[in-house]
Structure formats: structure tokens, C-alpha cells
Amino acid sequence: MVFSHRMQIFTNIGRYTLLMANVFRRPEKWRIFYRLTVLEIDKIGVQSVGIVALLSLFMGAVICIQTAANIDSGWIPVYTIGFTVRQTMILEFSPTIIPVIMAGKVGSNIASEIGTMRISEQIDALDIMGINSANYLILPKLVGALFIFPFLIVMSMVLGITAGAWVGELAGVISMPDYQTGITYDFRPFQVAYSLIKTTVFAFIIVTISAYYGYYTKGGALEVGKASTQAVVYSIVLIMICNLLISQLVLT
Amino acid sequence: MIAVEGVSKTFGTQKVLRNVSTVFETGKVNFIIGRSGSGKSVLTKCIVGLLEVDEGRIMFNDRNFTAMNVNERKAVRQEIGMLFQGSALFDSLTVEENVMFPLTMFSDMSKSEMLDRVNWCLKRVQLDGANKKFPAEISGGMQKRVGIARAIAMNPKYLFCDEPNSGLDPQTAIVIDNLIKEITYEFNMTTVVVSHDMNSVIEIGDRINFVFEGEIWWSGDKVDILKTTNDELNNFVYASDFMRIVREKLQ
Ligand SMILES: Nc1ncnc2c1ncn2[C@@H]1O[C@H](COP(=O)(O)OP(=O)(O)O)[C@@H](O)[C@H]1O
Ligand SMILES: [Mg+2]
């Protein structure tokens, strides 16, 4: 049992590698590739702006109020609130938690779309025509996501920090000038760059893992559902593992 | 002409195809018949290269398809049209875009030339006017016809049909069968039809290959098949009361 489980991991890694080898090929026609990529940017990115904005606004606001409630001791400077909102948003919430949510939204969508194409023989139809189906279906999604994720994440950072400022003032826990001091205190642009790199890795994980589970779906509608669940679960697990590794590598 | 020479295919411990050899002739409707699970689809997928054969080789007009690399195969693939069991239309594209798809990927035609070709193909399958509909908006029989139109868009030399009339009512099934036959004769294609429907066989079959437990058990034409003395083939052909009545009338 344990043995077959281990083999399962190797089979998965092997098939994943093979799939990637097919994804990273020259597209059949650049014009079509470009058009598909723009479509994916819209589907993956633009259509996620709403949910990302909503979550970021609320998280920034909540972090602000939480921090204020917890440092109410007099000898911690009040600008710490702004500082904490900024650090939390930039270092973890925007680059890690937003991708986790995107894994649920975009990952499941990719897995079920490709899975449905597999079980209804649409992928076979592409292969029969002599089209590299892995390249045709997956590369535009990957390029689209790698392109648009950094924008979403920067938007999330900005909105979260802004929401903190508004709520801080509305709730009377921190004044605008103090907040400004906080969010500029010891600001290191490198940390933003670090976050964007991290997020790009997570975008890669979400698209390729979800596409993998979709592409190798076997059976019927039930299996498409399963593939979509697996895509989300394994994307999130891998995001968490990579987050730990990257933090360990870069920040220490 | 397509020649299958000594093809074997095993999945794990299950030997699905055992040393299969046969020939599919040009300008004829060649059938692969047999019970569910006998290996018909696997054989078809091996022929078109969706599956790799373990042993043997596939020849497309004396070109050894099995020995080709990906790029050489691509050239042959563009001479192959395939109609899938569930039609396999791209559901995010309209009827017109579906038929145009192989043209946009592989031809250098202008947009209006492509549109002309698409309209010609749709007309050939009696679907002119359905251009802007999506696959989900048309009936199963119409989907099959769009599938045929897409399969013939690139003017293929070889046409594969996997259970072309499964899920269709008998009248629509006959329309689809006859369309396949007419197109085969009109363009002198090498057509391979996978089926377990004796109606189709009698209607349009020129050459028939009966697959039993992964082997070609019997080959012949539709006159021979009604007079066969092969037990397994007899059980298959005369499985229904209807065919048994036909047999009584013939005798
Ligand atoms: N990709 C595959 N992996 C493992 N077994 C398969 C695969 N495809 C088909 N088989 C098995 O091969 C046998 C023949 O299947 P198939 O050719 O689809 O039958 P049919 O004659 O009904 O088309 C079946 O037992 C099926 O389970
Ligand atoms: Mg089959």
C-alpha cells in the first residue's frame, strides 16, 4: 500500500514533467496564441479583480483594527499599526493568501475546463489534427496568469493598505499622518520584489497543477469534479510548501 | 489505403490487441465491428497514433506511420479527418468556428476563403444556416454533421468515424451513414467506420472486419457476413430478433 502510494508520486511527477515538456513548445500560430493569451488574461485576471479587491479591502481594515486593539499599551508607538498592515499585506496576505484563493477560483476552473475537454474527446480531436494540445490549451493560460498575477497582487497590496488608513481614521484608532509614518517606516522595496517573485511562482503552480489534473482526467463528469478538487488541494499544498522554502531561502 | 501489420497493444496485463493485421481500402467504407470492449476503439486510436503500438506497424499509402517522428506524423495527421463518438466539437466555439478551426491552424487561406470553404462544408452536410449556433444549441444529429463538416474541412484522404450513429434515432442514423458513404465515394477517401450496429454495416459497409477479443476474427463483405459460418460472428450478427427474421427471409 505504502509502496504503491510512493509509486503514485513518481508516476505523477513523471507525467507532469512530460506534460510540461509538451507545453513549452513553439505555438502553432503566434497570432492565435496571442489572441488566446489575451482571452486568458481576461478570464484569469480581469474577472478576478472584484473578489481580490473585496478581500484585500476587508483584510487591510481588519488587520488595522486587530493591531490597534492589541498594542493598546502606551509604550508601543501608534504608527506600528500602519507598519503592521503594510508588512502583513506585502509579505504574506497579498502574495500568498490571494493566490490560495485564486487556486480555488481559477485552478478549479482550469481543471474542469480541460478535464471536460478530455472526457468529451475534444483533446483527442486537437491531437488528431496534428495540434500539440498541451501547448495549445495550457501555454496561453500560463503566460496569461504569469503576466496578470503581479498586477492583481500589487492592487491587493495598495487596496489593503488604503483600507487600513480609512478604517483607522474612521474608528479613531490612528490618524492619517501616524499611519503614513507607519507605512513608510523602514520600507524596503526589495520586499515588494520578493513578494512579486513569490506570487509568480504560485501562479505557475496554480496553472500547471490544475491543467495537469484536468489533462489526465479519465472517465466522466464525476472524475472531472474530482480532478477539479485535486487541482485546488494540491495547488494550495504546493503553494504552502513553496512559500516556506522561498521564505527560508530569501529572508534568512 | 491503410495497412495494419501485426499490431499488438497491451495495457498493464491486459492484452487488448493481439497481432492484428488488415487492410482498409481506398474509396471504400471499411468497417471495424465487434462487441463493446473487444478493442475497436483501441485499434482505431493505434491507427491514428493517439496510442502507440507495442508491436507491428501502421502504413498510410506505403508510408510507415509508426516509424515517423512527431513532425513527420503531423503531415500525415493533416490528411486525416475524424468523427468522434460524442462529436467532440469545441463547445466554446460556434459551428462556423468549429469547422474553420483546422483551416485557421493549418492553412494560409484568407478569412473570406476560409469562410467559403466552411460554408461549402456545411452545405455538404445540409447544415447551411447554422453557422452562428453553439454546439450546445443543436441536436445530436446536427452535432454529428458538424463533426463531419469539420473532419472534411481540410480535404482529408482518410476518414475515421468512431460509432458515428450511437445515440441517434434510426432515421437520423441512416442519414449520417449515407453521408459518410457519399463523401467517401465523392472524394475517394479511405474511410474507417467503427460500429456495433448491424444496420449501418448492411446499409453502407463495403469491407467488414470483425474484432473478437483483440483479434481480427473475420473479414469480408456484407454479402458474406450474412452467410457466415463463424460462430462468434454469427452470435454478433444475429444477436437481435430483427436480424434473425432477416436470416429466415434470406434462407
Ligand atoms: N487507455 C486505456 N488504458 C487501459 N485500458 C484501456 C484503455 N483503453 C481501453 N482499455 C481497455 O481495452 C479494452 C478495449 O476497449 P475499447 O477498444 O474501448 O473497446 P470497444 O471495442 O468497445 O471500443 C477494454 O477492456 C478497455 O477497458
Ligand atoms: Mg469504443
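Contact here means heavy atoms within 4.5 Å. Keep in mind that this is a predicted model, where local features need pLDDT of at least 70 and side-chain atom pairs count only at pLDDT 80 or more, while totals for chains, interfaces and linings use all residues. Residues are numbered from 1 along each chain as its sequence is written, chains are lettered from A and ligands numbered from 1 in the order in which they are written, and side-chain values use heavy atoms, with hydrogens and water left out.

**Exercise 1.** Find out where A:Arg118 sits and what it touches.

Step 1: Look in helix H4 of chain A, residues 80-119 (helices are DSSP runs of H or I with at least four residues, strands are runs of E with at least two, both numbered from the N terminus).

Step 2: Leave aside the neighbours within four places in sequence, and A:Arg118 is in contact with A:Ile123, A:Asp124, A:Gly214, A:Tyr215 and A:Thr217.

Step 3: With A:Asp124, the two side chains make a polar contact at 3.5 Å. That term means a pair of N or O atoms within 3.5 Å; within protein, one must be able to donate a hydrogen and the other to accept it, and residues adjacent in sequence count only if both atoms are side-chain atoms.

Step 4: Is A:Arg118 buried or exposed? Its relative accessible area is 19%, so A:Arg118 counts as buried (under 20%; exposed is over 50%, partly exposed in between, with a 1.4 Å probe and protein chains only).

**Exercise 2.** Describe how chain A and chain B meet.

Step 1: Chain A brings 16 residues to the contact and chain B brings 22 residues.

Step 2: Between them the chains bury about 1800 Å², 64% of it on carbon and sulfur atoms (the accessible area, 1.4 Å probe, that two parts lose on being put together, summed over both).

Step 3: On the chain A side, A:Glu121, A:Ile128 and A:Met129 lose the most area to chain B, together 37% of what that side buries.

Step 4: How many salt bridges link chain A and chain B? The count is one: A:Glu28 pairs with B:Lys74, and their closest N and O atoms are 2.9 Å apart. A salt bridge needs a side-chain nitrogen of Lys or Arg within 4 Å of a carboxyl oxygen of Asp or Glu.

Step 5: Which helix gives the most to the side of chain A that touches chain B? Helix H5 of chain A (residues 122-128) does, with six residues.
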